[in-house]
Amino acid sequence: MNKNIMEFFKEILTIIVGILIALYINNWNEDRKDAKYINKIFVSMDKELKESNDDIKKKMPQQQTLIDTLGFYKKNDSISIFDVMMKVNGVQIPQIRISSWKAISSSKIELLEYERVSALANIEEQKELLLSKTQYLMNFLYPNIKDTSFDKKELIMFMMKDIMVTERDLQKEIEMAIQD
């Protein structure tokens with residue numbers, strides 16, 4: 001009887017050790033897959049952020065040209081907002097790319113450090129703010145496109161300057177995220 005109990009415990013112990021080894025290997029494999037996934041996401045995020053930063057740098061001088069042109073023609077009531085827009089090729093707004101952040105934030109956000117999550121969430125908020133300000137500008141611009149008044153041109157200048165402030169803040173957030 002003692003022998004049967006000892007045999008039983010040996011078999012149970014063998015099964016338990018086998019299960020523990022299988023769990024360890026499975027966890028190791030999952031960690032390896034997660035690390036590979038995170039690495040790919042980081043590469044993609046850095047690429048997107050660099051492209052966004054480059055687009056901001058490219059569009060800001062064009063936006064400043066719009067502001068300067070509006071300033072030059074703001075007292076000229078024979079030049080409409082449309083005429084100014086045609087001279088500067090319209091309103092130029094940078095494209096902020098954060099699709100990699102969106103992908104990981106909706107699936108495996110727990111794999112990221114808090115600082116990285118916070119920085120990327122700030123970029124997403126700044127992007128939304130920029131989008132909101134741009135939409136407000138466009139909603140103002142289209143119904144007033146034929147207007148020639150000083151006040152409307154001045155208001156568009158103010159809105160563009162506000163958009164540029166948001167872009168500079170966004171650019172700082174992006175550059176800090178790229179450095180990390």
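The bend at a residue is the angle between axes fitted to the seven residues ending there and the seven starting there. In this predicted model, local features need pLDDT of at least 70 and side-chain atom pairs count only at pLDDT 80 or more, while totals for chains, interfaces and linings use all residues. Residues are numbered from 1 along each chain as its sequence is written, and side-chain values use heavy atoms, with hydrogens and water left out.

**Helix H1**
- H1 covers residues 2-73; helices here are DSSP runs (H or I, at least four residues), numbered from the N terminus.
- H1 bends by about 25° at lysine 59, with proline 61 following within four residues.

**Helix packing**
- The axes of H1 and H5 (residues 150-179) come within 10 Å and cross at roughly 160°; axes are lines fitted to C-alpha atoms over the stretch in contact, and angles run from 0 to 180 degrees between N-to-C directions.
- That makes H1 roughly antiparallel to H5, a label for angles over 145 degrees.
- H4 (residues 114-141) also meets H5: their axes come within 9 Å and cross at roughly 165°, so these two are roughly antiparallel as well.

**Aromatic pairs**
- There are 2 aromatic pairs in the structure; rings of Phe, Tyr and Trp (its six-membered ring) pair if their centres lie within 6.5 Å, and planes over 60 degrees apart count as edge-to-face.
- Phenylalanine 8 and phenylalanine 9 are edge-to-face, because their ring centres sit 5.8 Å apart with the planes at 65°.
- Phenylalanine 72 and tyrosine 73 also pair edge-to-face, at 4.9 Å centre to centre and 90° between the planes.

Note on methods: The expected span of a helix is 1.5 Å times one less than its number of residues. Angles under 35 degrees count as roughly parallel, over 145 as roughly antiparallel, 65 to 115 as roughly perpendicular and the rest as oblique. Rings of Phe, Tyr and Trp (its six-membered ring) pair if their centres lie within 6.5 Å; planes under 30 degrees apart count as stacked, over 60 as edge-to-face and the rest as tilted.
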